[in-house]
Amino acid sequence: MPAVASAPPDKAPDRIAGMFDAIAPRYDLLNHLLSAGIDKRWRKRAIASLGLKGRETLIDVCTGTADVALEATGAARVVGVDFAGAMLTLGLRKVHAANQVRRIVLIRGDAMRLPVRDRSADATTVAFGIRNVQRPEVACAEMARVLRRGGRLAILEFGVPRIPGISAVYLWYFRRVLPLIGRMISGHTGAYSYLPASVGTFPPPAEFVTILKQSGFAEVRAVPLTLGIVYLYMAVKA
């Protein structure tokens with residue numbers, strides 16, 4: 001997998017939480033704009049992979065502004081966890097607007113120390129947040145801890161296309177165009193430069209699959225979406 005950055009960015013929890021708090025007001029707009037709206041399709045695919053039947057409790061880790069929590073209409077209860085308070089505030093507004101307050105609860109917490117009891121959930125999700133965790137292997141182990149046996153996991157994370165021509169165009173967009181647009185709209189100088197850096201230093205799919213297996217998951221699969229721009233990781237609690 002081609003690298004986007006040569007050195008890992010600083011992922012100290014306080015720093016990352018502060019960065020996301022700073023860009024929270026424009027976060028949803030930029031997600032939809034920079035992905036040309038395809039991000040909604042990716043989230044639908046992740047939720048569909050869980051096979052929810054209407055009785056499950058789902059833990060959405062790095063919930064941000066609660067897009068995945070709101071998408072998970074097949075779950076009886078959703079608990080969204082994030083350490084960025086401003087993101088959760090916006091997410092709570094969306095939950096109220098959708099009249100989902102009784103079904104969706106948002107909690108401030110760290111992915112490496114989930115405020116959830118052992119074996120209390122049927123499914124867990126992370127959408128574009130696992131790469132922001134200082135130690136993703138700890139977060140994966142935490143998700144395994146809170147899942148019941150046979151519980152399902154779905155993780156969406158950015159990748160880099162492997163097709164040579166497409167890869168070159170994508171990397172140019174990711175390195176040059178995306179940070180510029182992000183800075184212009186969000187007003188934050190570092191957040192959208194951090195994005196390509198964090199993607200480029202995140203473990204490639206085969207390595208992340210190994211991390212999930214070592215964390216207590218089985219039947220782990222990495223499915224490329226949209227030419228490999230994004231990967232959907234699916235697994236079952238062993």
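How are H1 and H4 oriented relative to each other: roughly parallel or roughly antiparallel? The axes of H1 and helix H4 (residues 85-97) come within 7 Å and cross at roughly 30 degrees, and the two helices are therefore roughly parallel to each other. Angles under 35 degrees count as roughly parallel and those over 145 as roughly antiparallel; angles run from 0 to 180 degrees between N-to-C directions, with axes fitted to C-alpha atoms over the stretch in contact. Helices are DSSP runs (H or I, at least four residues) numbered from the N terminus.

The model is predicted, with local features needing pLDDT of at least 70, side-chain atom pairs counting only at pLDDT 80 or more, and totals for chains, interfaces and linings using all residues. Residues are numbered from 1 along each chain as its sequence is written, and side-chain values use heavy atoms, without hydrogens and water.

In the contact (heavy atoms within 4.5 Å), Phe20, Asp21, Ala24, Pro25, Tyr27 and Asp28 of H1 meet Gly85, Ala86, Met87, Leu90 and Lys94 of H4. These residues divide into seven nonpolar, one polar and three charged.

The lining of the largest pocket comprises 28 residues, with Leu34, Phe158, Phe174, Leu178 and Leu195 nearest its centre.

H1 provides the largest share, seven residues. A pocket is an open set of points on a 1 Å grid where a 1.4 Å probe fits, with protein on both sides within 12 Å along at least five of seven lines; lining residues have an atom within 4 Å of a point.

How values were computed: Parallel < 35°, antiparallel > 145°, perpendicular 65-115°, else oblique. Nonpolar A, V, L, I, M, F, W, Y, C, P; charged D, E, K, R; others polar.
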